[in-house]
Amino acid sequence: MTSLREFVCDDLFKFNRVNLDPLTETYNLSFYFTYLSRWPEYFAVAEAANGQMMGYIMGKVEGTGENWHGHVTALTVAPDYRRLGLANKMMAGLEDISDKTYNGYFVDLFVRRSNAVAVALYEKLGYVIYRTVLNYYSGPEEEDAFDMRKSLSRDPDKKSMVPLKNPVASWELE
């Protein structure tokens, strides 16, 4: 049986096997603590019956006016637990918080352009590629990101999902 629960500080000592995936961004501890203290409701863990961490999601709420939205900062599932619907459940929880608790217009996320599996997952969940962000991911080889969005009930006309035609540079992000 899988349970979804809020992330707690002790989880930082358990998440290496989930986090050490080449497609998962890893941050310093202060980054995780900031999210945990500012947006605890956006930080959740999928846990197996034996207490093993299966995956986690972390996000935040940000923006102003019609740009007020939920943002998925990280979503990852351990290789042994992929294709079980865990990502769908965690995304649904974050979308629900963004919609009902914070009354956001949309949820957005950034994903590596080369991560076709994740792009397909998000498209299946109703996300569209809003824009391309040039050289968003750093490393030995910089990589573009797709900024993907899904509108929430506050945006019934789905204005927030109308794709931009031209790519943007990372320093142009709001």
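Good morning. In this predicted model, the buried residues of α2 pack against α1 (16-19), β2 (43-48), β3 (53-62) and β4 (69-77).

Which residues of helix α2 are buried? Within this helix, which spans residues 29-38, they are Y32, Y35 and L36. These residues lie on the same side of α2, because the arc they cover around the axis is only 100 degrees. In general, an α-helix has 3.6 residues a turn, so residues three or four places apart point the same way. S37 and R38, on the other side of α2, are exposed.

I turn next to the largest pocket. Its space amounts to about 1000 Å³, and 36 residues line it. Nearest the centre of this pocket lie L75, N115, A118, L121 and Y122. By class, the lining comprises 22 nonpolar, eight polar and six charged residues.

The second largest pocket holds about 260 Å³ of space. It is lined by 14 residues, and those closest to its centre are E62, H69, F110, L173 and E174. Two or more residues of this lining are given by each of β3, β4, β5 and β6. Its residues divide into six charged, five polar and three nonpolar.

Thank you for your attention.

Key:
Residues are numbered from 1 along each chain as its sequence is written. This is a predicted model: local features need pLDDT of at least 70, side-chain atom pairs count only at pLDDT 80 or more; totals for chains, interfaces and linings use all residues. Side-chain values use heavy atoms; hydrogens and water are left out. Buried means under 20% relative accessible area, exposed over 50%, partly exposed in between (1.4 Å probe, protein chains only). Helices (H or I, at least four residues) and strands (E, at least two) are DSSP runs, numbered from the N terminus. The arc is that of the directions from the helix axis to the C-beta atoms. Contact means heavy atoms within 4.5 Å. On a 1 Å grid over the protein atoms alone, a cavity is a set of points where a 1.4 Å probe fits but cannot get out, and a pocket is an open set with protein on both sides within 12 Å along at least five of seven lines; lining residues have an atom within 4 Å of a point. Grid points are joined across faces, edges and corners, and a volume is the space filled by probe spheres set on the points. Ala, Val, Leu, Ile, Met, Phe, Trp, Tyr, Cys and Pro count as nonpolar, Asp, Glu, Lys and Arg as charged, and the others, Gly among them, as polar.
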